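Here is a short tour of a predicted model.

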Amino acid sequence: MPQVSLKLHARAQVSLKVASRSEYGKGPVGVLRRLDGQVPGVVYGHKQAPYSFKTSARDFEQILKKGGQNATILIEHEEDDKDSELALVREIQYHKVRGNAMHMDLLRIDPTETLRANVPLITVGVPEGVRNSGGALQQTLTSIEVECMVSEMPAAIEIDISSLEVGDSLHVSDLIEQETRITTDSVRTIVNVLAPRLATE
């Protein structure tokens, strides 16, 4: 099995200005989105009460375009009596047709705590077996679980698969040798390079 190179993408930090939200229910929240250009959200965790907020939909879309879904969010409150806090994106609900963000769930974090989370798994390069032998690439795993301090949590893990030949399979165990903080089951398959006959079938 060829050795593949592994690269960790550092997690960026982005700021999100928020204001307290009193709008609840389909009607008021719909008005909030349509007329005010705001998107609602909630931040919870760390044994604190959930906090419902609203933020500029345009600003949030810009954050997402810059990879904010895999960044650490610095929440800056409009209220003077609330301190800024750090959070991770837990879930974003998108409009089924337009694709814009409709609601977000954020999870409060402490940079010094240990967290287990899924991070995107990115493959780069065209396998040798696809490029020169007519094989086909089959990827079955697109994210991988990592356990580490929040401040060290990567935004993504990148692997170079260009050396894989027809018949090669890459498993999680092949990555754990290089990154011991991975907690996904080691027997899980990440990619296969299928023979031309199997690819056709």
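## Terms

Strands here are DSSP runs of E with at least two residues, numbered from the N terminus.

## The largest pocket

The largest pocket has a volume of about 280 Å³. Its lining counts 14 residues. Nearest the centre lie Leu-88, Val-89, Arg-90, Ala-117 and Asn-118.

Strand S6 (85-94) and strand S8 (114-124) each supply at least two residues.

## The four-stranded sheet

S8 also belongs to an open sheet of four strands. The order is S1-S11-S8-S10, and the pairing is mixed. Strand S1 (6-9) and strand S10 (143-149) stand at the edges. Each has a single partner strand, so one side of each lacks a neighbour in the sheet. From one strand to the next, the twist averages 35 degrees.

Strands of a sheet pair through backbone hydrogen bonds, in a parallel or an antiparallel way. S1 and strand S11 (residues 156-160) take the antiparallel sense, over four bridges. Here Leu-6 stands opposite Ile-159 in S11.

## Helix H2

Which residues of helix H2 (residues 57-65) are buried? They are Phe-60, Ile-63 and Leu-64. Seen down the axis of H2, the buried residues fall within an arc of 100 degrees, so they line one face of the helix. Residues three or four places apart in an α-helix point the same way, because there are 3.6 residues a turn.

The other side of H2 has exposed residues, Arg-58 and Lys-65.

Key:
Residues numbered from 1 in each chain as written. Predicted model: local features only at pLDDT ≥ 70, side-chain atom pairs only at ≥ 80, totals over all residues. Heavy atoms only, no water. Pairing = 2+ DSSP bridges. Axes fitted to C-alpha atoms, helices over the stretch in contact; angles between N-to-C directions. 1 Å grid on protein atoms, 1.4 Å probe; cavity = no way out; pocket = protein on both sides within 12 Å on 5 of 7 lines; lining within 4 Å. Points joined across faces, edges and corners; volume = space filled by probe spheres on them. Buried < 20%, exposed > 50% of the residue type's maximum accessible area, 1.4 Å probe, protein only. Arc of directions from axis to C-beta.
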